[in-house]
Amino acid sequence: MRNNLPLVYIDETVFTKKTYHERDYWVKNEKVEVDADEVYIPYVCAIAAVSAQNGLEHLRTYNTAVKGEDFAQFIEELSAKLKGKPFALFMDQASFHKSDPVKEAIAIGKVTRIWNVAYCPWYNPIEGCFAIIKNHYKRSRLNAMRNSKIRVV
């Protein structure tokens, strides 16, 4: 029966004032300069969960670094979205993923943890999702700065 559990991939990523392309392709002979001091944005951390069956399962953003309590709450919300049914959760071995609040949320939510190999994020499909999102974000942000239309996204 455990082999039939839905598999959900989970991880977190960070957007900072340095999250933009520093170089890109431009019109030939056009000089573009960006003053990094003028492009400050708030620190944003995102936790996301995806599955092959449903795509994006759950997403939360935070204005600070994620702690064990935040991650535990995210798992509780994810479990509620999955109607309390058991599922497997594929995650890396970050220290707060092993914290007591997370262990408790996993036990309550009937979650089976699957640990990723240490220092091998390419085995987690959510990393590809984050790469696409960050690339789009960086390109949009650089283009907005280039056009003097700085937007906080």
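Student: Which residue's side chain is joined to that of His 97 by a polar contact of 3.2 Å?
Tutor: This is a predicted model, where local features need pLDDT of at least 70 and side-chain atom pairs 80 or more, while totals for chains, interfaces and linings use all residues. Residues are numbered from 1 along each chain as its sequence is written, and side-chain values use heavy atoms, leaving out hydrogens and water. A polar contact is an N or O pair within 3.5 Å, one able to donate a hydrogen and the other to accept it (sequence-adjacent residues count only through side-chain atoms on both sides). Here, at 3.2 Å, the partner of His 97 is Glu 12.

Student: Is His 97 buried or exposed?
Tutor: Look in the loop between β4 (87-91) and α2 (100-108) (DSSP runs: helices are H or I, at least four residues; strands are E, at least two). The relative accessible area of His 97 is 0%. Buried means under 20%, exposed over 50%, and partly exposed in between (1.4 Å probe, protein chains only), so His 97 is buried.

Student: How many of the 9 residues of β1 are buried?
Tutor: β1 is largely enclosed by the rest of the structure. That's because its buried residues number 7.

Student: Which strand pairs with β1 in the parallel sense?
Tutor: Strands pair if DSSP finds at least two bridges between them. β2 pairs with β1 over 8 bridges, but in the antiparallel sense. The parallel pairing runs over 3 bridges, and its partner for β1 is β4.

Student: And what stands opposite Val 8?
Tutor: Thr 13 faces β2, standing opposite Ala 46. Val 8 instead looks across to a residue in β4, namely Leu 89.
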